[in-house]
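I set aside this morning for strand pairing and helix packing. Here are my notes, in the order I looked things up.

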Amino acid sequence: MMRVTNSMIVKRTKSNINSNRSKIDYTNNQMSTQKKITKPSDNPIIAIRSLRLRSTLSTITQYYENNISDAESWMDCTATALMNMKDMLDDAYSRVVYGATDELEAEDRETILKALQSLQQQIYCEGNADYARRTVFTGYRTNQNLTFTSNKEAKDEHYKITERFDYKDIDKKSYYANQFDDTSDDAVTKLPDDAQGNPMTDVPVFSEVELNRLRLAYDNITANGNTLSISYTDQATKEKQTITFSADGNTITKQGCTFTVGQGTTPGTDKITATAPEGYFAFPSEIDPALAGANQVQLYKSSDWMVDNNTNPPSVIRNPAVTNPEQPKTVSVNYDAAATPKLATELNGQPISYRVTNTSDLRENNYQIGDNEIVFDQENGELIFKDTIAKKFDAERVSFNFEYDKKGFKEGELRPENYFDCTRYMSDRDDIVYENFDENGNWKTQAIYYNIAGGQQMQINTEAREVFSSDIRRDIDELIDVVSMAMTAQTTVDEIKKKIESGNYSGTDLENLNKWYDAAKKQLDYANQNMHDTYSDYISRFQGYLDTVNLEITDLGGRGERVEMTKTRMSVQQSTFKELKSINEDMDLSDLVINYTAASVAYQAALQAAAKIGKMTLLDFI
């Protein structure tokens with residue numbers, strides 16, 4: 001039988017008291033925190049489950065309270081801007097419909113002109129909408145406005161821009177021959193001279209010249225430094241080919257071979273230098289174009305052929321080490337010393353040349369351009385040509401790249417980097433190159449995605465090029481032009497009529513005044529009819545712009561609904577995981593009170609027992 005000593009009794013009593021005291025302290029902590037555990041060692045299973053639930057709940061809260069809210073705010077800002085853009089296009093559309101009215105008074109034209117000028121300044125302003133100082137329509141460049149916001153900022157900007165077109169972008173436009181607005185006595189009391197400098201017997205007949213065109217996004221282009229590239233399929237080889245014309249018309253690149261007109265050895269004569277593409281050489285490398293007509297070279301692969309300079313004249317021989325050499329290709333250009341430009345070429349049998357001019361020269365020459373010419377009006381920002389070339393472009397399904405310098409913009413114009421491949425020239429640091437298209441000519445999307453749920457992303461932005469077409473401003477420019485033309489034509493008629501009615505003119509002067517008056521009335525009739533026809537044609541264009549904006553509003557609304565559904569789901573998940581976390585970690589207050597009371601009773605009992613045991617000795621137990 002084991003001997004129980006007083007020391008053993010005291011130690012056991014103290015142990016029981018401390019144990020009950022620890023239970024009271026533990027339950028007291030539970031009552032303070034209302035949590036089942038205060039440290040992982042209290043219950044590892046609850047601790048592990050708590051970590052998992054807290055991590056999941058934190059992720060859900062991030063999606064629900066931050067990401068989704070941020071996405072909604074961004075999309076709300078975008079939707080507001082799109083609705084404002086729609087309202088402005090609705091206004092523009094109503095003006096176009098009004099301008100197509102058969103009978104308009106001078107006051108009506110003035111009203112339309114002022115309304116369009118105001119719209120022109122405001123049409124893209126919604127593109128600068130921002131959320132939290134981030135511009136919503138500029139893709140990844142959220143720190144930059146869509147448009148130039150001041151003339152001071154815009155006038156010194158300088159870009160090299162590349163615009164892309166294809167044959168489907170070609171449209172028709174009417175230009176005016178023999179247009180006049182000079183009503184001074186020197187102009188309307190005399191008849192003009194003809195091309196040979198002889199006085200005409202009648203005033204020139206105002207007429208319409210219909211041409212085909214490709215319109216750039218901007219006007220007032222730098223005359224030098226532009227290049228036009230035309231890509232097509234060679235019908236003989238079925239290979240993709242490109243013809244590139246320089247601004248001066250004296251350089252043409254075809255099948256990779258560059259022909260350049262330069263100074264010949266004899267003063268006053270020309271020579272044509274042929275530069276082959278990499279890996280080839282041109283033979284001959286220089287051509288003496290003494291006679292007009294076709295000038296051609298052969299392109300030889302450098303690894304398969306070589307020039308033998310031991311013969312007179314030099315000749316091309318096969319590399320002995322090559323058994324199956326690549327056969328040479330024939331490349332030709334046309335040269336005409338009397339023409340401007342001197343070089344031309346052919347596109348699958350269609351002669352074609354390129355020259356640069358301006359609006360003033362075209363008007364002076366009544367828009368008379370050659371059947372085989374592509375003329376770039378750098379002032380108006382248009383490539384114009386006749387049906388002979390347009391039909392060929394359509395048949396061959398050609399595409400175009402036009403690279404040009406644009407220095408100086410206007411407030412409200414679109415910044416090129418949001419639409420085109422371009423280089424922004426900087427005066428104080430390195431130039432900035434923007435590459436927005438891939439090698440196949442496809443736009444590199446700048447969609448911004450937010451994670452709004454686990455494994456679920458949503459595009460929150462709308463890119464500018466999907467809504468803010470550069471054609472809108474250019475169309476408004478042309479609508480303003482036809483209104484201005486009608487107003488100017490009316491003024492011309494009125495001023496000549498005043499001169500006739502003044503009684504200050506007689507004889508030949510009065511006869512000429514009447515002739516100019518008849519011509520002015522014809523010009524006015526045409527201007528009014530042209531205004532009506534142009535506005536009628538542009539109704540469908542502005543309806544198309546409205547349809548585009550409405551489509552983007554619908555698309556944005558659809559994405560917004562998906563975000564809203566995800567938000568509802570994440571709200572439910574947040575509530576569910578909060579409840580699971582509470583079940584795992586929290587204790588019911590009634591249970592805590594019961595546990596604390598039980599621990600307290602046990603502790604008090606242990607103290608009372610210890611008090612009694614302390615009075616006893618070993619003899620009391622015996």
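Before starting on the helices, I wrote down the handedness rule: a crossing is left-handed if the near helix is turned anticlockwise from the far one by less than a right angle, and right-handed if clockwise. I also reminded myself that this is a predicted model.

**Entry 1, helices.** I looked up helix H2 (residues 44–99) against helix H9 (residues 507–585) and found an angle of about 165 degrees, with the axes 7 Å apart. Angles over 145 degrees count as roughly antiparallel, so H2 is roughly antiparallel to H9. I noted the H2 and H9 crossing as left-handed. Sorting the H2–H9 contact by class, I got 31 nonpolar, 14 polar and 14 charged residues.

**Entry 2, the open sheet.** I traced ten strands in the order E12-E10-E9-E8-E7-E6-E21-E3-E22-E23, with antiparallel pairing. Strand E12 (286–287) and strand E23 (432–434) are the edges, each pairing on one side only.

**Entry 3, around E18.** Which way do strands E17 and E18 run? I found strand E17 (residues 343–347) antiparallel to strand E18 (residues 350–357), with three bridges joining them. Thr345 has Ile352 in E18 as its bridge partner. The two strands make a hairpin with two residues between them, and Asn348 in the turn has a positive phi of about 45 degrees. E18 also runs parallel to strand E19 (residues 373–377), through five bridges. There I paired Ser353 with Glu373 of E19.

Definitions and conventions: Residues numbered from 1 in each chain as written. Predicted model: local features only at pLDDT ≥ 70, side-chain atom pairs only at ≥ 80, totals over all residues. Heavy atoms only, no water. Pairing = 2+ DSSP bridges. Helix = DSSP H or I, 4+ residues; strand = E, 2+ residues; numbered from the N terminus. Axes fitted to C-alpha atoms, helices over the stretch in contact; angles between N-to-C directions. Parallel < 35°, antiparallel > 145°, perpendicular 65-115°, else oblique. Nonpolar A, V, L, I, M, F, W, Y, C, P; charged D, E, K, R; others polar.
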